[in-house]
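Biologist: Hi! Could you walk me through this one in simple terms?

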Amino acid sequence: MNHDFRSRVIMPIVLPLLVLAAVAGFVGIVAAVLLWNTNPGALMVAAVTAGGILFTVSLASSQDRLDAPRRGVLVLAAALPLLVGGAIAAGFIGDVPDEERKINVEPLITAPDDAPVMAAENSSEFCLIDEETGDCEPTESWDVVPSTQEEQLAYVFENLEAGVPHNVRIAELEGDADDPSPGEDLNDHELVTGVTTDYYVSEDLTWDDLPDQWYFYCTAHPNMEGVGTVVEDGEADADADA
């Protein structure tokens, strides 16, 4: 009875499900290693993984029955790329700068709907996106209405220039709005390569901490600059109507 149950139920039903679960787990691990890696590391891991899979399939299909040594080779061929890729991603192999890690990961943007937005579509000037037309209008000023959902200095940056790094660094304003220049940096927004959407949140700075007027610029392209002002929502509407 037990043998009959195994042959009729376990083998045709449970065993395929276990195989599918193992395959899904393997694919998930490979995907995680590729995503949480640098681009060169992911390419290398993908190539070695593909070679390991082909070798495993070739060896398994050429044998009527696998003995223990051959099973060990199959396991090694499947696991080695993952071990190597995970070691590279974790920094145990190679000297990968921290800013290049997780380069394939695009985290979900959880910015508040009313977060201030700045954008860049070329390396000459910043621009503000027109919500109605979708066009990005060049600007050298930024009237910021702080988000009501975020107490810290926080904004969305849309890098619309593919393959080019940009950021929005905020600094003290030296001179005046007609002849601005940067003073001491007030935030540490790192460069992000487009096309991408980045939500920056300062750890220790609020919009209230900024002076009446401040300087913003791109550290990769200092000619991209402007003067910013924190305003109330009604003031921004009045300025737009004017």
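This is a predicted model: local features need pLDDT of at least 70, side-chain atom pairs count only at pLDDT 80 or more; totals for chains, interfaces and linings use all residues.

Biologist: Nice. In what order do the strands of the open sheet come?

Modeller: The order is β4-β12-β11-β7-β8, which makes five strands, and the pairing is mixed.

Biologist: Which strands stand at the edges?

Modeller: Those are β4 (141-144) and β8 (179-185). Each has a single partner strand, so one side of each is left without a neighbour in the sheet. From one strand to the next, the twist averages 40°.

Biologist: And what holds paired strands together in general?

Modeller: Backbone hydrogen bonds do that, with strands running either parallel or antiparallel.

Biologist: OK, how do β7 and β8 run, and how many bridges join them?

Modeller: They run antiparallel, and five bridges join β8 to β7, which covers residues 169-176.

Biologist: Switching topic: how many disulfides does the structure hold?

Modeller: There is one disulfide. Cys127 and Cys136 form this bond, and their sulfur atoms are 1.9 Å apart.

Biologist: Why is the disulfide of Cys127 and Cys136 called right-handed?

Modeller: That comes from the torsion about the S-S bond, which is about 85°, so the disulfide is right-handed.

Biologist: Is Cys127 buried or exposed?

Modeller: Cys127 is buried, because its relative accessibility is 2% and the cut-off for buried is under 20%.

Key:
Residues are numbered from 1 along each chain as its sequence is written. Side-chain values use heavy atoms; hydrogens and water are left out. Two strands pair if DSSP finds at least two bridges between them. Helices (H or I, at least four residues) and strands (E, at least two) are DSSP runs, numbered from the N terminus. Axes are lines fitted to C-alpha atoms, for helices over the stretch in contact, and angles run from 0 to 180 degrees between N-to-C directions. A disulfide is a pair of cysteine sulfur atoms within 2.5 Å. Buried means under 20% relative accessible area, exposed over 50%, partly exposed in between (1.4 Å probe, protein chains only).
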